[in-house]
Amino acid sequence: MFSVNLYCKLFPFKKFATDSTASLPFLYKDGLIFNPTSSECSKNQFFINFCSTVDVVSPELKLGTATSAPKKKKNSKKLAKESSYTISYLINTCGLSPEKATSASEKVHFETPEKPNSVIALLKKHGFSKTHIANLVRRRPVLLLSNPEKTLLPKLEFFKSIGVSKVHLGGTISRDPTLLTRSLENQIIPNYNYLKSVLLTDEKVAAAVKRTSWVFLEDPEKNLAPNITVLKELNVPQSCIILLLTHFPEAIMQKSDEFRASVSEVVEMGFNPLRSTFVLALHAISGKGNKMIWARCYETYSKLGWSKDDIYMAFKKHPNCMILSEKKISRTMDFLVNKMGWDCRMIASCPSVLFFNLENRIIPRCSTVHFLFSRELIKKDVKLSTVLLPTEKYFLEKFVTKYEKQVPKLYDFYEGKIGIEEL
C-alpha cells in the first residue's frame, strides 16, 4: 500500500495527465521507467489508473472514492438501535440489571425478539426459573441466539435422561452455561461414558455434575484418569474413589502434579488409604481455597483451647471438621464448653458433634441432659457422643420418656415449649 504522502505528491500529476500530452512514467514490475515510444494516450491512461489504485481516504482531498463515511455512520446508527433494543430486552425479559444488561449487550445483538424468545421458552419448559435464566444470560448471552431445537434441546434432554431432574437442571446449567456450548457427540457423551465406567450409575454421574460442570467440560485423560490411577496404585478402594468423585469432584480433578502432592501429604499425616477418611482428608487439603479454610480452622480451634495434637486428632477422626466455617465452630464450642460445661478436649475426641444443627439438635438435647444432671437423675459422666450421636427415637427413650414420671413436662421442655423455670 502506498503512503498518503506519496498519493498527495502524485495527485497533481493525475490532473496534469488528463490535460497534457507530455511523456509520463509508467509502473513496471521492476520499478518506474520511462518509455518514450509509448503513445501519449496510453501513458496518460496508465497514470490515471495508477493513481486510482492508491487506496487512501483523505479529508483534504475531495475524491470520488471517499464515500465510506456516510456508510459507517449508517452502520453506527444500526448498531446503536440494535444495542438499545438488546439492552431493553435483557432487562425486561431476562431480568438483568441495567449494568449487567449493558455489559451483556457487548456480546450479543438482535433487533427482534423471535429467536431469544424461543430460547427462553425452551428453558422455562425444562424447569429454569427467572433467576436461572438471568444467571445463564448474564454468563453466556450468546446462547440467546442459539437454535433451541437443534443446539439446546438435545443437551437438555440428555442431562434429564441421566437423572438430572428439572429441579436441579436449571441450577446446574445456569451456574456454568458452557455446558450448552459443547458438542454433545464429541465431548458430553464421551465424558459421560468415562464417568459411568468409574461411578457405575447414572445417579452418581448426575450427582457429580451437580457439584461441578467440569466433569463434562474437561477431557478425563488430562487429569481425572491419571489421578484415579494414583489412587489405585495406593490400593484406595473403588468405593472411596466413587465417594470422592461423586461428592468432591473438584478435588480429584486437580492438576496431576498438585494432586500427587496432596496425596503424599495425606499419606505423611498417617491416613490409611483403605479407609474413607483418606479421600475426605484429601478433599480437605485440596486446592488453594480449601487450604486457606484449613488454616483458618486451625487458628480458630487453637484460640478455643485445642492443642496441635487435639486438632490433628479431630482431623483424623473427621477430616471435614477442618473445612467448617469459623462461625459454626465458635458458636457450637461456646455453647458446649461455656454454657454446658463440657471439656473442649471431649469435643476434639468426637468432632462429628460440630456438624449437628445447634438450634434443632445440640441445644434441645444438651439442655435436657443438663437439667437431668441438676436434678441428679443421671450421672455427670455421660459422654457427649451418647447425647448427640444417637437417633431421635433412642435419645427420647433414654433421656426423656424414662424420666416423665419424675418430670412430667420434660418433653415439653425438650420441645422448647416451656422454659426451665416451669419444670
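## Helix H12 and the residue after it

Just after helix H12, Asn235 takes a positive phi of about 65°; helices here are DSSP runs of H or I with at least four residues, numbered from the N terminus. The model is a predicted one, in which local features need pLDDT of at least 70 and side-chain atom pairs count only at pLDDT 80 or more, while totals for chains, interfaces and linings use all residues. Residues are numbered from 1 along each chain as its sequence is written, and side-chain values use heavy atoms, with hydrogens and water left out.

H12 itself covers residues 224–233, and its buried residues are Leu224, Ala225, Asn227, Ile228, Val230 and Leu231. Buried means under 20% relative accessible area, exposed over 50%, and partly exposed in between, with a 1.4 Å probe and protein chains only. The buried residues of H12 pack against helix H9 (184–199), helix H13 (238–247), helix H14 (249–252), helix H15 (256–268) and helix H16 (276–284), where contact means heavy atoms within 4.5 Å.

## The packing of H21 and H23

Two packed helices are described by the angle between their axes and the distance between the axes. For helix H21 (residues 358–374) and helix H23 (residues 392–399), the angle is about 15° and the axes are 11 Å apart. That angle makes H21 roughly parallel to H23, since angles under 35 degrees count as roughly parallel, over 145 as roughly antiparallel, 65 to 115 as roughly perpendicular and the rest as oblique. The axes are lines fitted to C-alpha atoms, for helices over the stretch in contact, and the angles run from 0 to 180 degrees between N-to-C directions.

On the H21 side, Arg365, Thr368, Val369 and Leu372 meet Glu392, Phe395 and Phe399 of H23. By class, this contact has four nonpolar, one polar and two charged residues.

## Aromatic pairs

Rings of Phe, Tyr and Trp (its six-membered ring) pair if their centres lie within 6.5 Å, and planes under 30 degrees apart count as stacked, over 60 as edge-to-face and the rest as tilted. By this rule the count comes to 16 aromatic pairs. Phe158 and Phe159 form an edge-to-face pair, 5.6 Å centre to centre with 75° between the planes, and both residues are buried.

The rings of Tyr298 and Tyr312 have their centres 6.4 Å apart and their planes at 70°, so this pair is also edge-to-face. The pair links distant parts of the chain, with Tyr298 in helix H17 (residues 287–303) and Tyr312 in helix H18 (residues 308–317), 14 residues apart. Tyr298 counts as partly exposed at 24% relative accessibility, and Tyr312 counts as partly exposed at 27%. Phe271, Trp294, Tyr298, Tyr312 and Phe315 form one aromatic cluster.

Note on methods: Helices (H or I, at least four residues) and strands (E, at least two) are DSSP runs, numbered from the N terminus. Ala, Val, Leu, Ile, Met, Phe, Trp, Tyr, Cys and Pro count as nonpolar, Asp, Glu, Lys and Arg as charged, and the others, Gly among them, as polar.
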